[in-house]
Amino acid sequence: MRNASSTHQGFPVSSTSKTEQHSHTPLGKQLRRRKSIQAMANDAADNAGLETLKRSLGVTQLVMISVGATLGTGILVILGSAVPVAGPAIWIAFVLAGITALLSAVSYAEMAGMVPVSGSSYSYSYATLGEGMAWVCGWCLVLEYAVSAAAVAVGAGSYVNQTLEIFGLALPQALAAGPGEGGIINLSALIVVILATLLLVRGARESALANTVMVIVKIAILVFFVVVAFTAFNAGNFAPLLPMGAAGVTGAASMVFFSYIGFDAASTAGEEAKNPQKDLPRAIMIAMVLVTTIYVLVAVAAIGAREWDWFADSEAALVQIVSEITGQKWMVLAFALASVIAIVSVVLTTLYGQTRILLSMGRDGLIPRFFAKVSPSTRTPVICTYVTGAVVAIAASLIPLGQLAEATSIGTLFAFSLVGVSVMLLRKTQPEAPRTFRVPLYPVTPILGIAACLFLMLNLAGITWLVFGIWMAVGAAIYLAYGRRNSRLGALDPKAYEAELNL
């Protein structure tokens, strides 16, 4: 293993210590330092001197990772919270969120083909906007993934409790909810995160296989729901279409947008894909079209089956609709259990994405290096996975769903807008660089994607912005106290930095 404090990508670091080097580098200059795409590829090839990840994922597995992290969350978990906000127009909210996500997805597809590494939008920002914005983006992704996994796990807990109640059983309130909802701990959510973490440490290929099975299950149950719901379809439930006005639709779209982080999860698999330049763009686009189509179908079926104000008191809306329409307990049990399996796949893939983001940040020295350590036996970042799983498990077991979902959306929207900016900058600075996928209707598409993300951010609640501001302030403090002093790129002397930038 090479000494990272004395060399970096074959270039010498200044003879002064790393801390001294950083202390003499003006903060503004260090924040603007960019990492070349070739340097990222070199880092991926040797993982900064640590064990590398294993390339074992084909386009099918990548599509399933993207679908696994996306499909199910917005429908199975957050629907009961979003319908009272949008009314019968909830399906329009899903269309709006889907269009916003699609505008960002095409930018992701172009960047994933150019920068096929684990860092996703964090790495894209590092290559175009510099270390400062890369840290901001990475810190947003930590919020996006960790909180999303926790929110989905809370939703899984709701389905478990709903299933038990159908059979006259129920967990005691102390074990069914966190302190904010009158309980002590959400035991079901805690168990879901632990199971997903244990599966994830076994390896990317094994996790992808399990995820593929779970994705097939979730598609099957959602199709089943659509069929059941249409047997009780009442077109009158769609009137009035906009009881809360257009503001309700945009507000609901902002809430459910966090469920569209799946294509970001696929892009974090850049170092484990067999042919990332071609397969990642294909996987992202296929998953986006499939997920948005299913979301709209299920939303229309749900509103057709029940009036919109019925959803206000439902935490597991779909299983309740199946129960009321069929009246068959065995059918309800099968649907509820399949729903839990479907939600576990979301937790699994979002945890996967989180660990790969942290691996890239650890490799760059912005967070402790043990996050980048890969187990020689499983070829996975085991320590990082356990640490992430522990933090997410604590959050899922203690914090209510609504607060988690909105906090995830704001981090997701901010990170997505940076990807659009990255595409535009690389088109300007490296117009001749090979691209396996190009954003259509450039530059209109990325500009619209950025504008749509910012618009949905403005529709989030004030408390969400407050939490986001506090989160970013904490991130800035961590960067100044640790990241700036330990950054591998920042440790390069000026000549070495220029040499790396020109790789």
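This is a short chat about a predicted protein model.

User: What is the mean pLDDT of the protein?
Analyst: The mean pLDDT, the predictor's confidence in each residue from 0 to 100, is 80, and 88% of the residues reach 70 or more. In this predicted model, local features need pLDDT of at least 70, side-chain atom pairs count only at pLDDT 80 or more, and totals for chains, interfaces and linings use all residues. Residues are numbered from 1 along each chain as its sequence is written, and side-chain values use heavy atoms, with hydrogens and water left out.

User: Where does pLDDT stay under 50?
Analyst: That happens over residues 1–23, for which the model has 54 contacts (heavy atoms within 4.5 Å) beyond four places in sequence.

User: Changing topic, is S104 buried or exposed?
Analyst: S104 is buried, with a relative accessible area of 3%, where buried means under 20%, exposed over 50% and partly exposed in between, using a 1.4 Å probe and protein chains only.

User: And which residues does S104 touch?
Analyst: Leaving out residues up to four places away in sequence, S104 touches F263, F416, G449 and C453. The place of S104 is in helix α7 (residues 90–114), helices being DSSP runs of H or I with at least four residues, numbered from the N terminus.

User: How many residues of α15 are buried?
Analyst: In α15, 21 of the 30 residues are buried, so this helix is largely enclosed by the rest of the structure.

User: What should the 30 residues of helix α15 span?
Analyst: At 1.5 Å a residue, helix α15 (residues 276–305) should span 44 Å, which agrees with its end C-alpha atoms being 42 Å apart; the expected span is 1.5 Å times one less than the number of residues.

Definitions and conventions:
Helix = DSSP H or I, 4+ residues; strand = E, 2+ residues; numbered from the N terminus.
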